[in-house]
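Good morning, and thank you for making time for this item.

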Amino acid sequence: MLEKIHIKAYNTKPCEKIKKKRSDIIMNVLLSVSVALLAGLMMTRLFKPFKLPSVTAYLIAGVLIGPYCLGALGLDGIGFSSHENVESLGVISDVALGFIAFSIGNEFRLEDLKKTGKQAFIIGILQALAAAALVDIALIAIHLIMPDKLSVSQAITLGAIATATAPAATLMVVRQYKANGPLTKLLLPIVALDDAVGLIVFAVSFGVAKALISGSADMISIIVNPLIEIVGSLILGAIMGCLLTYLEKLFNSNTNRLNLTIAFVFLTAALSNLKFEIGHVHIGFSSLLVCMMLGTVFCNICPLSHDLMESSDKWTSPLFALFFVISGAELELNVFTDGAIVLIGAIYIVTRSLGKYFGALGSAKLVKCEPQICKYLGITLLPQAGVALGMCTTAMQLGEEGNLIRNIVLFAVLIYELVGPLLTRWALQKAGEIKPMPDHVKNRRQHKLEQAKNR
């Protein structure tokens, strides 16, 4: 008698559940990306009569679809219902910052640096230190008046964060309005140097703040680690820039060269997240500095860099739009509910703005810049976002004291990101570096629109 062979049927339900969950995640991510991009684009059309910069429109769109507005309705596909949903798109922000830094690196061409390098270096350092000093003085005074609201360690940490400027908002305004002139050529290198100076000042101030709390100074954290981060970032970026230039020679097609360039920015942004611990020494990299150095080396040693940079800028336009919409959605509006945060935040904003303006004014006069640069440069340095928020993440190591620092900076970023691009555009206009659209271009566009309507 033959034995009956029973084939056991495996339960496929768990696999189906996993596939369905994966499908839902993919759909939600794609839906979030499309809604964010569409909301940003529609907001630029809505605000066009008010002549607002696109950056501001993107940020407002992000706030509207964020967790505190439409997202609070909890309806999928309309907005971000929580900050976790916004953070799920964090990789877009990381990549966008990499391309922003790569584009800013293009401003460090040797032929231009011979003309403005010394001025940019001096102004970049002095205006950052002026902002930090003024914020330190004001907030330490607040500590003496209200010691229970703000500690000295919090005050000096906030002073260090005040050095940072947002390169993304500045670059977007320059691109949108095609600003060009002495102020613009000096502005972008200063913004890049500003963040390098900010990293050093923050590392030193944060090390002192930790020493005040713990009662013991750690010279490795105060001096060694920040120097390693900056030098290591510049070396890594330079290596990647040389490697990119070498590999570009293997391709004859501009399309393939562009694909290689984009791939290298992705790769460099990924490598900049590497971290090592050797004893008490922390080895890490700054994504902004690494990608900026990649762009700097590439634009100076690759003969085709100018054309490739222009092609890359066109490719990244939707990526930058998404970056600012996501940044708007990340802004936490609940910081307005705490009176102490609003008060300290307002003092931080005012003193930082004064420090940036008068620091830039004084240092520009010191290096004998043109009058319009002296007058308007400081206003273009007010935007603040990504780098400052990154510093906040480190400041959270202070425990409860770190929470207050984070909320104050979030409050300041909310104001600066909405007002900063407007002020940057105004300053560039007053300096005569944003030209009105020529009449023949307006007429040609109007003619094309009329032809499209007649069809």
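Predicted model: local features only at pLDDT ≥ 70, side-chain atom pairs only at ≥ 80, totals over all residues.

I begin with a charge and a ring. The charged end of Arg 352 sits over the ring of Tyr 416, at 4.6 Å from the ring centre. The criterion here is that NZ of Lys or CZ of Arg lies within 6 Å of the ring centre and within 35 degrees of the ring normal.

Residues are numbered from 1 along each chain as its sequence is written, and side-chain values use heavy atoms, with hydrogens and water left out.

Now the overall picture. The protein has 18 helices and 2 strands; helices (H or I, at least four residues) and strands (E, at least two) are DSSP runs, numbered from the N terminus. Of its 455 residues, 48% count as buried. By buried I mean under 20% relative accessible area, with exposed being over 50% and partly exposed in between, for a 1.4 Å probe and protein chains only. Among contacts with a separation of 6 or more, 79% join residues 24 or more positions apart, where contact means heavy atoms within 4.5 Å.

Let me turn to the aromatic residues. How many aromatic pairs does a search of the whole structure find? The search finds 5. Rings of Phe, Tyr and Trp (its six-membered ring) pair if their centres lie within 6.5 Å; planes under 30 degrees apart count as stacked, over 60 as edge-to-face and the rest as tilted. One of the pairs is Phe 323 with Phe 324: the ring centres are 5.0 Å apart and the planes stand at 75°, so this pair is edge-to-face. Phe 323 and Phe 324 are both buried. In another pair, Tyr 376 and Trp 426, the centres are 5.8 Å apart and the planes are at 80°, so this pair is also edge-to-face. Tyr 376 belongs to helix 15 (residues 371-380) and Trp 426 to helix 17 (residues 400-430), so the pair ties together parts 50 residues apart in sequence. Tyr 376 is buried at 9% relative accessibility, whereas Trp 426 is partly exposed, with a relative accessible area of 38%.

Tyr 58 has its place in helix 2 (residues 54-64) and counts as buried, at 9% relative accessibility.

After helix 7 comes Lys 178, whose phi is positive, near 50°.

Another lysine deserves attention. Is Lys 356 buried or exposed? Lys 356 is buried, with a relative accessible area of 0%, and lies in helix 14 (residues 339-366). Beyond its neighbours within four places in sequence, its contacts include Gln 127, Thr 163, Thr 165, Asp 194 and Gly 378.

Helix 4 (residues 90-105) and helix 10 (residues 254-271) pack at about 115°, with axes 9 Å apart. Axes are lines fitted to C-alpha atoms, for helices over the stretch in contact, and angles run from 0 to 180 degrees between N-to-C directions. This crossing is right-handed, meaning that the near helix is turned clockwise from the far one by less than a right angle, anticlockwise being left-handed. Val 95, Gly 98, Phe 99 and Phe 102 of helix 4 make the contact with Thr 261, Ile 262, Val 265 and Phe 266 of helix 10.

The axes of helix 6 (residues 152-161) and helix 17 come within 10 Å and cross at roughly 35°, and this crossing is right-handed. From helix 6, Ser 153, Gln 154, Thr 157, Leu 158 and Ile 161 meet Glu 401, Leu 404, Ile 405, Ile 408 and Val 409 of helix 17.
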